[in-house]
Amino acid sequence: IDVAVVMGSPSIRCNTGRSRANPKNIDGTVKSYRELAEYGAGKNVRVTIENHEGVSTDMALLEQLLKTVNHPNLGTCPDFGNTFKTEEQRHAGLTMMFPYAKICHAKTLEFNATGEMTSFDFPACIALAEKAGFTGVYSIEFEGSGDPMQGVAWTLAMLKKALT
């Protein structure tokens, strides 16, 4: 948080981790995020959680964490391409996360030779964001094979098309 202040960043992302002894016990995670959210609020830096690892990969636990901490300075950073194994999981997870979203990782994974994404339904992810009233920043993230500059360009084109 202090580094974010120096850099002028409005937000940070912290991984949730998970208890090895009892993965469903989020008491320590709740305590940590309360402290982070409060400290960040005093520094005008939002704290976000991305569906990345630990508790944040279990949407029920993530929702429990957000509701239990219940702090306006704590939110989510939904990532279209992380942790979801099926379209149903992606839809349910993003639906849960977007009401808390402060920023979004508009991640893409694989494209075909003509620039069509083959990994998941990207426009449906944008539609879920809009349905939830998300008005924050979309951060483009390409993690596919091939030329990263081309992947980012195709992602930007899809994002612009979906938002118009």
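**View A. Side chains on the two sides of strand β4.** In this predicted model, Ile103, His105 and Lys107 point one way from β4, whereas Cys104, Ala106 and Thr108 point the other way, and all of them are buried. Side chains in a regular strand alternate between the two faces of the sheet. Because six of the six residues of β4, which spans residues 103-108, are buried, the strand is largely enclosed by the rest of the structure.

**View B. Strand β4 beside strand β5.** Strand β5, made of residues 137-142, pairs with β4 in the parallel sense over six bridges, and within this pairing Lys107 stands opposite Glu141 of β5.

**View C. The largest nonpolar core.** This core holds 41 residues, of which Phe80, Phe122 and Tyr138 touch the most other members. Among the elements that give two or more residues to the core are α2 (27-43), β2 (46-50), β4, α5, β5 and α6 (148-163), while the largest share, six residues, comes from α3.

**View D. The surroundings of Phe122.** When neighbours within four places in sequence are left aside, Phe122 is in contact with Phe80, with Ala106, Lys107 and Thr108, with Met117, and with Thr155, Met158 and Leu159.

**View E. Helix α3 against helix α4.** The two helices pack at an angle of about 5°, with their axes 10 Å apart, and an angle of this kind, being under 35 degrees, makes α3 roughly parallel to α4. Met59, Leu62, Glu63 and Leu66 of α3 make the contact with Gly93, Met96 and Met97 of α4.

Key. Residues numbered from 1 in each chain as written. Predicted model: local features only at pLDDT ≥ 70, side-chain atom pairs only at ≥ 80, totals over all residues. Heavy atoms only, no water. Buried < 20%, exposed > 50% of the residue type's maximum accessible area, 1.4 Å probe, protein only. Helix = DSSP H or I, 4+ residues; strand = E, 2+ residues; numbered from the N terminus. Pairing = 2+ DSSP bridges. Core = buried A, V, L, I, M, F, W, Y, C linked by side-chain atoms within 4.5 Å. Contact = heavy atoms within 4.5 Å. Axes fitted to C-alpha atoms, helices over the stretch in contact; angles between N-to-C directions. Parallel < 35°, antiparallel > 145°, perpendicular 65-115°, else oblique.
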